[in-house]
Amino acid sequence: MDRLAILGGPPVIKKPFPRYNHIGQEEINAVNRVLQTGVLSNFLARWGERFYGGKEVLAHEKMWEEKFNVKHAISMNSATSCLYAAIGAIGVGPGDEVIVSPFTMGATATAILIYNAIPVFADIEPKTFNMDPDAIEKKITSYTKAIVVPNIFGHSANYNRIKSIAKKHNLKIIEDNAQAPLAEYHGALAGTIGDIGVFSLNYHKHIQTGEGGVCLTNDDELADRLCLIRNHAEGAVESKGVTNLINMIGFNFRFGEIESAIGIEQLKKLDRLVHSRIEIADKLSSRLSDIEEIQTPFVEPGCKHVYYVFPIRYKHRMKPLHRDRIVDALKAEGLTFGGGYVQPLYLKPIFQKQIGYGDKGCPFSCSFYKGTVDYSKGLCPVAEEMFFHSLLVFPICNFEIAGENIDLFSEAFHKVFSQLDELIHREEH
Ligand SMILES: *Cc1c(COP(=O)(O)O)cnc(C)c1O
């Protein structure tokens with residue numbers, strides 16, 4: 001076998017894998033059609049027919065409602081906006097605690113801070129990287145209002161347990177489903193299980209409109225509140241006759257007509273795209289299954305994983321070699337790989353220094369907050385182990401790989417893992 005590329009040998013992958021291109025003639029035609037109307041947005045920030053946006057916005061939302069079999073789809077300019085609106089819609093405010101995963105994109109937790117509430121981090125399970133129901137239960141206090149649950153990497157969280165915990169303690173569930181469109185949990189579609197489900201149309205995700213997001217809900221009142229927060233609520237409540245004014249400070253989270261027209265074409269392709277990601281992941285899992293030092297992705301029986309990324313666990317206790325050295329070696333062979341995914345969120349300065357709003361430490365030291373929150377290192381040991389030692393992630397959504405490239409992927413892995421001793425040797429000298 002050739003010498004490792006990181007030690008001066010020839011790399012396995014000489015030509016980078018082709019980037020996945022989401023956009024085809026269908027999207028180009030849709031954009032042209034909208035441009036010819038001259039109407040790029042049709043929202044008005046006051047109560048009336050146009051409060052809900054233009055023709056494309058409404059058609060796009062209707063498609064989501066049908067596809068996911070839910071009563072309401074509310075589109076916004078990002079999943080981040082959707083998360084902010086969702087936290088507002090369920091009535092979270094100063095002094096409240098909201099339980100959330102530390103192992104997710106930052107916006108999942110900052111959405112809580114925006115409403116002057118306190119993110120409380122509960123650790124993840126090592127198998128699926130999703131929130132551990134036991135950890136959630138331990139974090140519940142008399143201040144807890146809701147749980148924000150990401151379906152991370154494309155695998156649904158454990159909703160049987162999470163729903164019963166939420167019911168027992170009268171908590172709302174927001175699903176951050178940005179990474180898991182069409183993932184399934186015991187016959188239910190991820191993103192339709194909690195009170196509100198949030199999807200992303202950002203260009204990193206399974207389907208995209210550049211930027212964009214969608215909230216799904218079956219609750220009429222929550223849908224109404226999401227629409228208000230999206231579109232300058234404070235200007236519409238009076239004429240609309242809204243009496244519950246909690247969190248009726250609005251934003252401009254409106255989605256454009258062009259993006260909605262693109263979204264319609266993208267949604268038509270979602271099944272095919274997700275299916276192709278599953279096919280690639282299944283092939284990679286089976287090809288890598290003989291490598292002792294790694295664990296390929298786990299899929300809970302009764303669940304469908306849609307692989308936003310392909311997560312691999314390195315059994316770091318087997319070898320005196322750090323995960324990052326393996327990432328370096330894989331990269332040198334020509335594979336795009338990341339180590340660790342995200343730093344557990346509580347380790348970021350905003351939580352370590354507890355500075356949210358202004359310079360007075362709000363919301364953490366806000367006088368409405370009567371609890372005590374912990375963001376110390378070691379708080380969520382599983383998330384920390386994944387980030388610092390174990391996890392390798394391949395951004396499967398960004399590539400179109402088949403045939404020969406699957407072979408090359410497998411070859412690069414086998415090459416690196418059969419020569420770990422060379423890397424260890426190099427570390428020692
Ligand atoms: C991408 C992502 C978001 C944010 O999506 P945007 O549309 O870029 O705002 C939120 N949560 C998770 C888990 C994500 O992966």
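Visitor: What do the buried residues of α10 pack against?

Guide: They pack against β12 (310-314), β13 (338-339), α12 (381-390), β14 (391-394), α13 (404-418) and α14 (420-428). Helices here are DSSP runs of H or I with at least four residues, strands are E runs of at least two, and both are numbered from the N terminus. Contact means heavy atoms within 4.5 Å.

Visitor: What kind of model is this, and which residues count?

Guide: Residues are numbered from 1 along each chain as its sequence is written, and side-chain values use heavy atoms, without hydrogens or water. The model is predicted: local features need pLDDT of at least 70, side-chain atom pairs need pLDDT 80 or more, and totals for chains, interfaces and linings use all residues.

Visitor: Which residues are buried in helix α10, and what makes them line one face?

Guide: Buried means under 20% relative accessible area, exposed means over 50%, and partly exposed is in between, with a 1.4 Å probe and protein chains only. In α10 (residues 323-332), R323, I326, V327, A329 and L330 are buried. Down the axis, these buried residues fall within an arc of 165 degrees, so they line one face of the helix. The arc is that of the directions from the helix axis to the C-beta atoms. After α10 comes G334, with a positive phi near 105 degrees.

Visitor: Why are the buried residues of α14 said to be on the same side?

Guide: The buried residues there are L420, L423 and I424. Their arc is only 100 degrees around the axis, which puts them on the same side of α14. An α-helix has 3.6 residues a turn, so residues three or four places apart point the same way. The cover over the buried residues of α14 includes α10 and α13.

Visitor: What makes a set of residues a nonpolar core?

Guide: It is a set of buried Ala, Val, Leu, Ile, Met, Phe, Trp, Tyr and Cys residues joined through side-chain atoms within 4.5 Å. The largest one has 83 residues, and F103, F121, I147, I196 and L226 have the most contacts inside it. Helix α3 (residues 79-89) gives the largest share of this core, eight residues. Another core lies apart from it, with 59 residues, including I13, W64, F255 and A281. In soluble globular proteins, nonpolar side chains tend to be buried together.

Visitor: Which residues is I147 in contact with, leaving aside neighbours within four places in sequence?

Guide: Its partners include V98, I99, M131, I136, I162 and A166. L171, K172, I173 and I174 are also among them.

Visitor: How do you know that the chain agrees with a compact globule?

Guide: The rule is 2.2 Å times the number of residues to the power 0.38, and the radius of gyration is taken over C-alpha atoms. For 429 residues the rule gives a value near 22 Å; the chain has 23 Å, so the two agree. Of these residues, 56% count as buried. Among contacts with a separation of 6 or more, 71% join residues 24 or more positions apart.

Visitor: What makes the peptide bond from C362 to P363 stand out?

Guide: That bond is cis, with omega near 5 degrees. P363 sits in the loop between α11 (349-352) and α12.

Visitor: Why is N69 called exposed, and N247 buried?

Guide: N69 has 68% relative accessibility, so it counts as exposed. N247 has 18%, so it counts as buried. N69 has a positive phi of about 55 degrees, although it is not a glycine. N247 is not a glycine either, and its phi is positive at about 60 degrees. N69 lies in the loop between α2 (55-68) and β1 (72-76). N247 is in the loop between α8 (233-240) and α9 (257-288).

Visitor: Why is P311 called buried?

Guide: Its relative accessible area is 3%, so P311 is buried. P311 lies in strand β12. Beyond neighbours within four places in sequence, its contacts include F129, F153, Q295 and L391.
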